[in-house]
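Hi,

Here is the structure I promised to pass on.

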Amino acid sequence: MSDATLSTELTGEAAALDAADELRDRRDAFTLDDIVYLDGNSLGALPRAVPDRLADVVAREWGQLRIRSWEESGWWTAPERIGDRVGRIVGAAPGQVVVGDSTSVNVFKAVVAAVRIAQERGAHRDQIVVDEATFPTDGYIAESAARMTGCTVRPVAAGDVPNAVGARTAVALVNHVDYRTGRLHDLPGTTAAVHAAGALVVWDLCHSAGALPVGLDAHGVDLAVGCTYKYLNGGPGSPAYLYVAHEHQPRFDSPLPGWNSHADPFGMDPGYTPADGAARGRVGTPDILSMLALEAALEVWDDVPVEAVRAKSLALTDFFLRCVQRYVPAGRVESVTPAAHAERGSQVALRCADAGPAMAELVRRGVVGDFRRPDVLRFGFTPLYTGFAEVERAARVLADVLGEVG
């Protein structure tokens with residue numbers, strides 16, 4: 001089959017897939033252009049509703065109402081209100097997710113609180129098991145939490161966590177999706193194994209929330225954290241979130257007891273009494289501008305089933321891998337993302353000897369992914385706005401670039 005015939009065949013297939021896509025209308029809710037944007041796993045595209053909402057927050061709520069907006073505009077309740085919107089996406093019933101602070105800060109809260117809960121069950125629990133391939137911050141935070149709580153850190157492969165936990169384990173901190181390879185780890189099975197060992201689990205959802213069903217409540221997860229600027233499209237530096245299961249909230253002892261998480265924050269009591277519920281996860285004054293931008297961004301999720309997002313994600317990544325296999329000369333790239341659907345997130349990572357210069361040229365030609373040292377081309381697929389024609393074009397441009405680079 002000639003290259004031209006092959007290209008025509010895949011282009012036609014892409015058009016048919018786009019025509020049948022039940023999420024295709026969601027693309028209109030985003031500010032996009034002719035660039036093929038495959039970096040939503042680092043920074044999601046801008047939802048069209050955000051600029052007008054922010055303009056109103058700045059000009060009216062802040063500019064005119066000023067201090068009254070804490071009550072009249074709902075600023076004070078925003079962390080829990082927006083937390084419930086995130087909760088719907090990650091499978092959490094209301095009252096268990098609070099939005100605020102960064103992912104790093106929330107990892108610290110969750111891990112230390114989990115250790116304290118575990119040590120109430122038995123002082124011998126002095127080990128924090130950590131996914132050894134974790135995003136570096138999670139590892140740094142785990143080390144700091146260990147020093148603070150008298151624990152040691154035990155790094156193991158994420159897939160080995162069920163076999164590594166035992167009588168000394170206080171908490172396991174695991175990434176749901178590996179940020180380098182896109183490997184999806186077994187949340188239900190790992191959670192069950194950690195619980196069987198008498199320990200708690202903290203899941204980092206940064207690369208899964210908004211791309212696939214998580215099911216926090218359904219699978220009995222203890223605590224979870226995640227960012228909102230990737231698949232949730234909250235904007236650069238948008239606030240992260242913290243999930244604390246209802247059953248753990250009465251014992252959630254935050255290492256950062258700020259005035260916002262006090263039972264009577266305006267009582268200004270020198271003694272700390274924690275609030276009830278998800279509000280225990282708050283610390284200081286909420287970052288209102290970025291928080292309300294996130295709230296507007298989350299409107300694109302109204303009436304969107306996460307299951308439909310997952311189905312399209314798998315279809316997009318399957319199609320991309322097929323296009324790469326058909327277009328790119330053999331031996332130039334190697335996929336390090338699992339082929340099995342049950343083990344794949346919403347990205348494709350390709351090992352390539354010339355990954356750095358290749359990605360720079362891809363970006364110059366209008367295909368935006370990212371480069372992870374030393375040799376990985378990383379492409380993220382955001383089902384709410386990524387189309388199949390874009391996927392086919394990205395693979396074609398990749399083949400052209402690799403024919404010229406190296």
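Arg183 counts as partly exposed because its relative accessibility is 34% (buried is under 20% relative accessible area, exposed is over 50%, partly exposed lies in between, all with a 1.4 Å probe and protein chains only). Its salt-bridge partner is Glu343, at 3.2 Å from N to O. The pair ties together distant parts of the chain, 160 residues apart: Arg183 sits in the loop between strand 7 (169-175) and helix 8 (187-196), and Glu343 in the loop between strand 11 (334-335) and strand 12 (347-351). Glu343 is partly exposed too, since its relative accessible area is 34%.

Before I go on, the ground rules. This is a predicted model, with local features needing pLDDT of at least 70 and side-chain atom pairs counted only at pLDDT 80 or more, while totals for chains, interfaces and linings use all residues. Residues are numbered from 1 along each chain as its sequence is written, and side-chain values use heavy atoms, leaving out hydrogens and water. Helices (H or I, at least four residues) and strands (E, at least two) are DSSP runs numbered from the N terminus.

How many salt bridges turn up in the whole structure? The search finds 26, a salt bridge being a side-chain nitrogen of Lys or Arg within 4 Å of a carboxyl oxygen of Asp or Glu. Another one joins Glu361 and Arg365, at 2.6 Å from N to O. Here Glu361 is buried, with a relative accessible area of 16%, whereas Arg365 is partly exposed at 27%.

Then there's a network of salt bridges linking Arg53, Asp56, Arg60 and Glu61. Within that group, Glu61 pairs with Arg60, their closest N and O atoms lying 3.4 Å apart. Glu61 counts as buried because its relative accessibility is 3%; Arg60, at 35%, counts as partly exposed.

On to the nonpolar cores (sets of buried Ala, Val, Leu, Ile, Met, Phe, Trp, Tyr and Cys residues joined through side-chain atoms within 4.5 Å). The largest has 50 residues, and Leu205, Tyr241 and Trp301 have the most contacts inside it. Helix 4 (residues 78-90) supplies the largest share of this core, five residues. Apart from it lies another core of 34 residues, including Leu6, Ala355, Ala395 and Ala399.

Which residues does Trp301 touch? Leaving aside residues up to four places away in sequence, Trp301 is in contact (heavy atoms within 4.5 Å) with Arg88, Ile89, Gly210, Tyr231, Leu232, Val306, Val309 and Leu384.

Cheers
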